[in-house]
Amino acid sequence: MKLIVGLGNPGAKYEKTRHNAGFWWLDLLASRERAIYKRESRFQGAYAKIAAGSDDVWLLKPETFMNLSGQAVAALRSEEHTSELQSHLNLVCRLLLEKK
């Protein structure tokens, strides 16, 4: 499992600020791959799944403030029973770009 976490802050106050650049990037990627986000309270955020090559890639937008985003990552990691979460952002982006 690969994971890309887009960092941001919840609420209208931050919606159009640079604090949410991670959310914007994930939204763009999800849109391009026609992925649909699902809210999941167990993961403290919204997630979508896409494919990059032969890998499943989870996109996670924590609904916590940035300084607490590790809680959402830990919850997803625990739920998926993975001992190793890998972030291969360059590889994933390259594979997705090559698909188009």
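Two strands count as paired when at least two bridges are found between them by DSSP, and the legends below apply this rule to a predicted model.

View 1. Of the 100 residues in the protein chain, 36% are buried. The accessible surface comes to about 6,300 Å², and carbon and sulfur atoms account for 51% of that surface.

View 2. The 4 strands form an open sheet in the order 1-4-3-2, and their pairing is mixed. Strand 1 (2-5) and strand 2 (38-40) each have a single partner strand and stand at the edges, so one side of each is left without a neighbour in the sheet. From one strand to the next, the twist averages 35°.

**View 3. The pairing of strand 1 with strand 4.** Strands of a sheet pair through backbone hydrogen bonds, in either a parallel or an antiparallel way. Here strand 1 and strand 4 (residues 55-62) pair in the parallel sense, over 4 bridges. Within this pairing, Leu3 has Trp58 of strand 4 as its bridge partner.

**View 4. Helix 1 against the sheet.** Helix 1 (residues 21-32) packs on the sheet, where it touches strand 1, strand 3 (45-52) and strand 4. The direction of helix 1 makes about 140° with that of strand 4.

How values were computed. Residues are numbered from 1 along each chain as its sequence is written. This is a predicted model: local features need pLDDT of at least 70, side-chain atom pairs count only at pLDDT 80 or more; totals for chains, interfaces and linings use all residues. Side-chain values use heavy atoms; hydrogens and water are left out. Helices (H or I, at least four residues) and strands (E, at least two) are DSSP runs, numbered from the N terminus. Axes are lines fitted to C-alpha atoms, for helices over the stretch in contact, and angles run from 0 to 180 degrees between N-to-C directions. Contact means heavy atoms within 4.5 Å. Buried means under 20% relative accessible area, exposed over 50%, partly exposed in between (1.4 Å probe, protein chains only). Accessible areas come from the Shrake-Rupley method with a 1.4 Å probe; for residues, only the protein chains shown count as cover.
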